[in-house]
Amino acid sequence: MIDDNEQITKMVSTFLSLNNHKCTIANHAQDGLEFMIKNEYDAVILDLTMPDMDGYDILEKINESDIRYKVIVLTASNISQENMEKIKQSETKIILQKPVDIDVLLEKISQVANL
Amino acid sequence: MLKIKHVLFLMFGVTSFIIFYMGFLNYITTEDQTMGLIMLTFSGIVSIGALIGTFYVSRKITTPIESVIDKMNKFSTTTNVDEDFLPHNGIKELHFLHENFKNMTGIVSDTIKKERKVNKQLQDMDKRKVEFMSMVSHELKTPLMPILGYIQLLKKEELLGKLNPQQLDAINEIDLAITRLQKLVQDVLIVQKIDLEKLTVTNSNIDSEKIVNTAYNAFLPICNLKGVKLGKNLDANHNLVSDPDRINQVFSNLISNAIEFVPKNNPEIEIGAYDEENQIVFFVKDNGAGISNEEQKNIFKKFYQIDATSKRKKEGSGLGLAICEGIVKKLGGKIGVKSEIGKGTMFYFALSKEKIQVQNF
């Protein structure tokens, strides 16, 4: 899960681990990108608005590379038409708006990751 | 139309000819040959002089006027003009014409400059408003996520253990309050979107019957829970081209309102749709206390809340109907209310069956 808000990542990872899922947290986009390159995950939960490097940058970098991830975008921002095009061209499978119901989040993760 | 030049030449040409002709007539009819010759020469000189004078005056007056006309033409297309386009030629009227024209162009170009500046400022302000809106939207929604998440977590016995009754009560109170806050945040943000004309709508083929049924099925459980009799009246069976999500949003808002305002005894709500000319009218009727004519004028205003007969303060943001109106307008439709004190209330919104060209901002 890549999100600069530590409270959100803590809450979601607690919830996921209580449901027996392993969740790696990256509170900086750069760390998240490195994790994605080094490791393998069933799904990536990605925030869009982050300082320094944002979610769109990550989607773009992933697109340029040959690694493929199932991405769930989880954002509190309004997505402009232009940015929506960027997302459509990326590996994003689903877009969820914050605040999302955690049961819905879990269901979507299971769906996207084919668990 | 006549040109000054031609008028002058016509007048002085005829006059010169008459003078010369008189001199000539005098010459051939007079007995004093010498005097006749002098008169002929004199009339000839006067005629030629008059023609030359006409030519000179014409140039002196008409050329500058033509120049002014030319500059006016140029100014009306480019709103730009050279500072001193007319050399001072000693004619008073022309001098004033030139000066006044210069003043006028000065004022006009200043006004245009100011207007452009104000326009630019307004555009900047609009841009900043939109940026502010998306910032506020992000900052308000983000903290809601962990709060709602932890409330849900705490309510899951199997994950974090069983809460004692007081703890559960506390969590339920927090949940209620935060859910209200969430609704308020959503309402404020959508009102802002409507105000900034940033609300987007989609167009797809929809079935009015399906819309009513969806709303009916969504609200039946809560109506049963509150003992409200929910009825359905479908007199329309027409497809329309509009935004189903936005229609559902408006319809749900109106039904939620009705649930708030039905009486305690025999509460009844009827929802439905009917045809009217080339429109489909969706409606929500209740048997509540009714709304006075005076209040009907205000209910679609932001933050307006009815408190007349019911005495209890409603929980809503007071934005619901303003949002409904904004959305219906955006869909090219009309929203309204029919009510009489003591005879219940009917809220309705009418949408055209044919596709309306909706402008997206």
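In chain B, helices α1(B) and α2(B) pack at an angle of about 175 degrees with their axes 8 Å apart, which makes α1(B) roughly antiparallel to α2(B) (a term for angles over 145 degrees). Axes here are lines fitted to C-alpha atoms, for helices over the stretch in contact, and angles run from 0 to 180 degrees between N-to-C directions. This is a predicted model, in which local features need pLDDT of at least 70 and side-chain atom pairs count only at pLDDT 80 or more, while totals for chains, interfaces and linings use all residues. Residues are numbered from 1 along each chain as its sequence is written, chains are lettered from A in the order in which they are written, and side-chain values use heavy atoms, with hydrogens and water left out.

**Helices α1 and α2 of chain B**

- By class, the contact of α1(B) with α2(B) has 17 nonpolar, 12 polar and two charged residues, where Ala, Val, Leu, Ile, Met, Phe, Trp, Tyr, Cys and Pro count as nonpolar, Asp, Glu, Lys and Arg as charged, and the others, Gly among them, as polar.
- Helix α1(B), residues 4-29, has 26 residues and reaches 37 Å from its first C-alpha to its last, close to the 38 Å expected at 1.5 Å a residue, the expected span being 1.5 Å times one less than the number of residues.
- S43(B), found in helix α2 of chain B, is buried, with a relative accessible area of 4%.
- Leaving aside neighbours within four places in sequence, S43(B) is in contact (heavy atoms within 4.5 Å) with I19(B), F20(B) and G23(B).

**Helices α7 and α9 of chain B**

- Helix α7(B), residues 244-261, and helix α9(B), residues 320-330, pack at an angle of about 150 degrees, with their axes 10 Å apart, and are therefore roughly antiparallel to each other.
- The residues making this contact include R246(B), Q249(B) and V250(B) of α7(B), and G320(B), L321(B) and I323(B) of α9(B).
- By class, the contact of α7(B) with α9(B) has seven nonpolar, four polar and one charged residues.

**N27 of chain A**

- Leaving aside neighbours within four places in sequence, N27(A) is in contact with D3(A), D4(A), N5(A), E6(A) and T9(A).
- N27(A) and D47(A) are 20 residues apart in sequence and 9.8 Å apart in space, C-alpha to C-alpha.

Note on methods:
Helix = DSSP H or I, 4+ residues; strand = E, 2+ residues; numbered from the N terminus. Parallel < 35°, antiparallel > 145°, perpendicular 65-115°, else oblique. Buried < 20%, exposed > 50% of the residue type's maximum accessible area, 1.4 Å probe, protein only.
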